[in-house]
Amino acid sequence: MPPLRIFGLTVAAMLAFAANSLLCRAALRDTSMDPATFTLLRLASGAVVLWAVVKIRNRSSPAVPIGGSWGSALALFGYASAFSLAYASLSAGTGALLLFGAVQVTMVCGGLHTGERPTLWQASGLALAFVGLIVLVLPGLNAPPWQGAALMLLAGTAWGIYSLRGRGIADASAATAGNFLRATPMALALSVSMLGSLSYDLRGVIYAIASGALASGLGYAVWYTALRGLRATSAASVQLSVPIIAALGGIVFLNESPSLRLVISALAILGGIALVLFRPVR
């Protein structure tokens with residue numbers, strides 16, 4: 001794959017990942033959309049788009065090769081639902097930073113569990129990232145609401161588990177399509193259980209479908225294509241840009257103001273994760 005194409009696909013994927021945070025925050029803050037309905041529409045529209053992508057890639061086959069598993073679908077649902085509930089009270093940048101930090105910490109811990117051993121350099125980076133997360137959620141004037149922070153950390157943990165379960169899968173697009181399809185009934189059940197707080201409007205529906213169909217469905221498809229031309233370390237490190245893009249997008253599009261606490265935490269978390277990623281495990 002030509003380097004310029006790899007670069008373009010990678011940039012598009014990172015913008016899509018950051019767009020999920022911006023679209024969810026905009027829907028829950030600026031429209032009457034409730035978190036459960038947003039989750040349902042996001043997963044359902046993502047499932048449709050991913051199914052179509054897999055179908056197009058396998059035109060010659062009479063049946064669409066849908067993969068995935070119920071365990072991974074449960075992790076996906078846990079991520080998507082906690083993500084939406086958290087963004088009812090978090091800014092786009094803070095939410096993305098908490099999410100990304102939790103994802104990377106979960107995946108590093110998963111590697112440790114399977115026998116990977118970090119160098120002293122990596123262990124220092126992991127400790128620095130933990131300190132950054134603690135600084136961000138400590139009580140204080142500019143601390144995010146603890147409920148929202150806890151939910152976003154849960155979302156990041158669930159996404160980390162989902163990612164760990166997906167390592168080594170031959171057809172990632174087919175597996176993701178299957179997981180989105182399986183997670184949609186779970187989101188429907190959540191919506192039914194919260195009928196008392198059901199609320200939506202046209203703009204909120206558009207944001208939710210854009211998050212699912214474009215930022216999630218097509219975004220994941222683009223990312224899987226880019227991964228074919230990226231080394232593992234490059235694929236991991238490039239995601240360091242997502243919280244920064246989300247924070248800048250929140251400032252430009254949502255009129256959010258960054259706090260000094262967020263800046264310090266971002267430097268600690270992203271710097272610590274960079275140390276972990278840029279030094280190979282021995």
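**Exercise 1.** In this predicted model, find which residues Thr184 is in contact with, leaving aside its neighbours within four places in sequence. Then decide whether Thr184 counts as buried or exposed.

*Solution.* 
Step 1. Locate the residue: Thr184 lies in helix H7.
Step 2. List the contacts. Beyond its neighbours within four places in sequence, Thr184 is in contact with Leu40, Leu43, Ala44 and Ala47.
Step 3. Compare the accessibility with the cut-off. Buried means under 20% relative accessible area. Thr184 has 18% relative accessibility, so Thr184 counts as buried.

**Exercise 2.** Determine how H2 and H7 are oriented to each other and what kinds of residues make their contact.

*Solution.* 
Step 1. Take the geometry. Helix H2 covers residues 35-57, and it packs with H7 at an angle of about 155°, the axes being 8 Å apart.
Step 2. Apply the cut-off: angles over 145 degrees count as roughly antiparallel. H2 is therefore roughly antiparallel to H7.

**Exercise 3.** Repeat the analysis for H7 and H8, and name the residues that make the contact.

*Solution.* 
Step 1. Helix H7 (residues 172-193) and helix H8 (residues 202-227) have axes 10 Å apart and pack at an angle of about 160°.
Step 2. With that angle, H7 is roughly antiparallel to H8.
Step 3. The crossing of H7 past H8 is right-handed.
Step 4. H7 contributes Ala172, Ser173, Thr176 and Phe180 to the contact, while H8 contributes Ser216, Tyr220 and Tyr224.
Step 5. Sorted by type, the residues of the contact are four nonpolar, three polar and no charged.

**Exercise 4.** State where Ser21 is placed, whether Ser21 counts as buried or exposed, and which residues Ser21 touches, not counting residues up to four places away in sequence.

*Solution.* 
Step 1. Ser21 belongs to helix H1, residues 3-30.
Step 2. Its relative accessibility is 3%, so Ser21 counts as buried.
Step 3. Not counting residues up to four places away in sequence, Ser21 touches Phe83, Tyr87, Ala92, Ala96 and Ala246.
Step 4. Check one of these from the other side. With residues up to four places away again not counted, the residues that Tyr87 touches include Ser21, Cys24, Arg25, Leu28 and Met152.

**Exercise 5.** Which residues of the largest nonpolar core touch the most other members, and which helix gives the largest share of this core?

*Solution.* 
Step 1. The core has 64 residues, of which Leu43, Tyr79, Phe83, Tyr87 and Met152 touch the most other members.
Step 2. Helix H3 (residues 70-86) supplies the largest share of this core, nine residues.

Technical notes
Residues numbered from 1 in each chain as written. Predicted model: local features only at pLDDT ≥ 70, side-chain atom pairs only at ≥ 80, totals over all residues. Heavy atoms only, no water. Axes fitted to C-alpha atoms, helices over the stretch in contact; angles between N-to-C directions. Helix = DSSP H or I, 4+ residues; strand = E, 2+ residues; numbered from the N terminus. Parallel < 35°, antiparallel > 145°, perpendicular 65-115°, else oblique. Left-handed = near helix turned anticlockwise from the far one by under 90°. Contact = heavy atoms within 4.5 Å. Nonpolar A, V, L, I, M, F, W, Y, C, P; charged D, E, K, R; others polar. Buried < 20%, exposed > 50% of the residue type's maximum accessible area, 1.4 Å probe, protein only. Core = buried A, V, L, I, M, F, W, Y, C linked by side-chain atoms within 4.5 Å.
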